[in-house]
Amino acid sequence: TIVFSGSMLDAAANDRVIELDGGDTSTRLSVLWNTTLGMPQFQVWNAGTLQAAIAPTGASVNLGETFRVVVGFAANDFVVSLNGSPVVADTLGVLPSGLATLRLGRSIWGAQGLMLAESLVYYPDRLSDAEIQALSA
């Protein structure tokens, strides 16, 4: 489980907030900026195949506005919550292995926006949905 609090000051489509990858573009967990929705979206890729693409519920976030997003992940279990919104889940994807590099504000190939990170917390376990929603509030 990863908790991020901060703001995007300037962002194009798919600019990264957080990325946890295995050293290449085909295997990664990404929290990216969805310009259409005006909020972060959680994507999971394993061996070049999209496993999950989850957008949180709730109101969009303006650039420069502080937000808190929490993503949880375990085998066949991916969730996201934004600013206390109900947890949105995808239980069909495969959890990638070999994830070793955490990138803040950019992807392995350089998709980056301008952001202000206020805090980042990593929990080594997939927290419960209730805990994830509470942490995103």
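The following dialogue explains some terms applied to this predicted model.

Mentor: Residues are numbered from 1 along each chain as its sequence is written. As the model is predicted, local features need pLDDT of at least 70 and side-chain atom pairs count only at pLDDT 80 or more, while totals for chains, interfaces and linings use all residues, and side-chain values use heavy atoms, without hydrogens and water.

Trainee: Why is A134 called exposed?

Mentor: Exposed means over 50% relative accessible area, buried under 20%, and partly exposed in between (1.4 Å probe, protein chains only). A134 has 51%, so the residue counts as exposed. A134 lies in helix α1, residues 129-136.

Trainee: What makes up the lining of the largest cavity?

Mentor: A cavity is a set of points on a 1 Å grid over the protein atoms alone where a 1.4 Å probe fits but cannot get out, and lining residues have an atom within 4 Å of a point. Here the lining consists of I2, I18, L20, L29, S30, V31, F42 and V71. Strand β3 gives the most, with three residues.

Trainee: How do the lining residues divide by type?

Mentor: Ala, Val, Leu, Ile, Met, Phe, Trp, Tyr, Cys and Pro count as nonpolar, Asp, Glu, Lys and Arg as charged, and the others, Gly among them, as polar. The lining therefore has seven nonpolar residues, one polar and no charged.

Definitions and conventions. 1 Å grid on protein atoms, 1.4 Å probe; cavity = no way out; pocket = protein on both sides within 12 Å on 5 of 7 lines; lining within 4 Å. Helix = DSSP H or I, 4+ residues; strand = E, 2+ residues; numbered from the N terminus.
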